[in-house]
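Here are my notes on the model, as numbered points. Please read them with the structure open.

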Amino acid sequence: MEGKDRSLTNSCSFNNVKPIMLELAYPPIRVSKKNLSYANLLSNDYCGSVSELSAITQYINNENRLSGEKCDMAKTILGIAMAEMMHLQKLGELIDLLGGNVDYTAKTNKGHPQMWTPKYLTLPENPRDMLIADIKSEEDAIHQYKMHREMICDNAVNAVLTRIIKDEEYHIIVLQALMDELEEYGVS
């Protein structure tokens, strides 16, 4: 077998994949004044157990595992991950403006910093369970953002959170469509 290339190649091309998000502008990234309590709340959205960092990592892991057999689904998952990266960036800017530290440590209400860990992730083996876990993560994020929005009395910060929530709601619609597609073809 000399001379034969025995390498394996993933034929799924990710050229031209774009973030999957609503075609709505984000409000300006600004704050009324520094507020460490608000920064600490947002640190949980940034890198807590329910966070943009957790979502990105979970989506990228799923995309990697799907790309060999389910290229179209993998591209969609990557597009969602790219939108979550934009959310992470915007939250980081807000945390900084509010006087907090962007250091992959979520600040709890008891003052105990919690460093991000991959233990926060749900990584099922089959595509259906991946989608279920991803939908659950989006639902949890929406709930947390709404809760934080109620706790923050800064219209500029809340406008950004409201815009992020709209993307998360859209992601659920996209993920549900992928789930319906799997069920239509009887794939698990």
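1. Burial terms first: a residue is buried under 20% relative accessible area, exposed over 50%, and partly exposed in between, with a 1.4 Å probe and protein chains only. At 18% relative accessibility, Trp116 therefore counts as buried. Of the 188 residues in the protein chain, buried residues make up 45%.

2. Basis of the values. This is a predicted model, in which local features need pLDDT of at least 70 and side-chain atom pairs count only at pLDDT 80 or more, while totals for chains, interfaces and linings use all residues. Residues are numbered from 1 along each chain as its sequence is written, and side-chain values use heavy atoms, with hydrogens and water left out.

3. Overall layout. The protein chain has five helices and two strands. Helices (H or I, at least four residues) and strands (E, at least two) are DSSP runs, numbered from the N terminus. From that end on, the order of elements is α-α-α-β-β-α-α. A box of roughly 65 × 40 × 30 Å, taken along the principal axes, holds the C-alpha atoms of the protein chain.

4. Helix H3. Does the length of H3 agree or disagree with its residue count? The expected span of a helix is 1.5 Å times one less than its number of residues. For the 27 residues of H3 that should give 39 Å, and the end C-alpha atoms are 39 Å apart, which agrees. After H3 comes Gly99, whose phi is positive, near 95 degrees.

5. H3 against H5. Axes are lines fitted to C-alpha atoms, for helices over the stretch in contact, and angles run from 0 to 180 degrees between N-to-C directions. The axes of H3 and helix H5 (residues 155–184) come within 11 Å and cross at roughly 170 degrees. Angles under 35 degrees count as roughly parallel, over 145 as roughly antiparallel, 65 to 115 as roughly perpendicular and the rest as oblique. H3 and H5 are therefore roughly antiparallel to each other. Their crossing is left-handed, a term used if the near helix is turned anticlockwise from the far one by less than a right angle, with right-handed used if clockwise.

6. H3 against H4. What is the relative direction of H3 and H4? The axes of H3 and helix H4 (residues 127–151) come within 13 Å and cross at roughly 20 degrees. H3 and H4 are therefore roughly parallel to each other. H3 passes H4 in a left-handed crossing.

7. Aromatic pairs. How many aromatic pairs does a search of the whole structure find? It finds two. Rings of Phe, Tyr and Trp (its six-membered ring) pair if their centres lie within 6.5 Å; planes under 30 degrees apart count as stacked, over 60 as edge-to-face and the rest as tilted. Tyr46 and Tyr104 form a tilted pair, 5.8 Å centre to centre with 35 degrees between the planes. This pair links distant parts of the chain, with Tyr46 in helix H1 (residues 36–47) and Tyr104 in the loop between helix H3 (71–97) and strand S1 (105–107), 58 residues apart. Tyr46 counts as buried, at 7% relative accessibility, whereas Tyr104 counts as partly exposed, at 40%. The rings of Trp116 and Tyr120 have their centres 6.4 Å apart and their planes at 80 degrees, so this pair is edge-to-face. Tyr120 is partly exposed, with a relative accessible area of 22%.

8. Tyr104 again. Tyr104 is not a glycine, yet it has a positive phi of about 60 degrees. Asn16 is found in the segment before H1 and is exposed, with a relative accessible area of 70%.

9. Charges over Tyr26. A charge sits over a ring if NZ of Lys or CZ of Arg is within 6 Å of the ring centre and within 35 degrees of the ring normal. The charged end of Lys90 sits over the ring of Tyr26, 4.7 Å from its centre. The charged end of Arg163 also sits over the ring of Tyr26, 4.2 Å from the centre.

10. His171. Is His171 buried or exposed? His171 lies in helix H5 and counts as buried, at 0% relative accessibility. The C-alpha atoms of His171 and Ala133 are separated by 13 Å, with the residues 38 apart along the chain.
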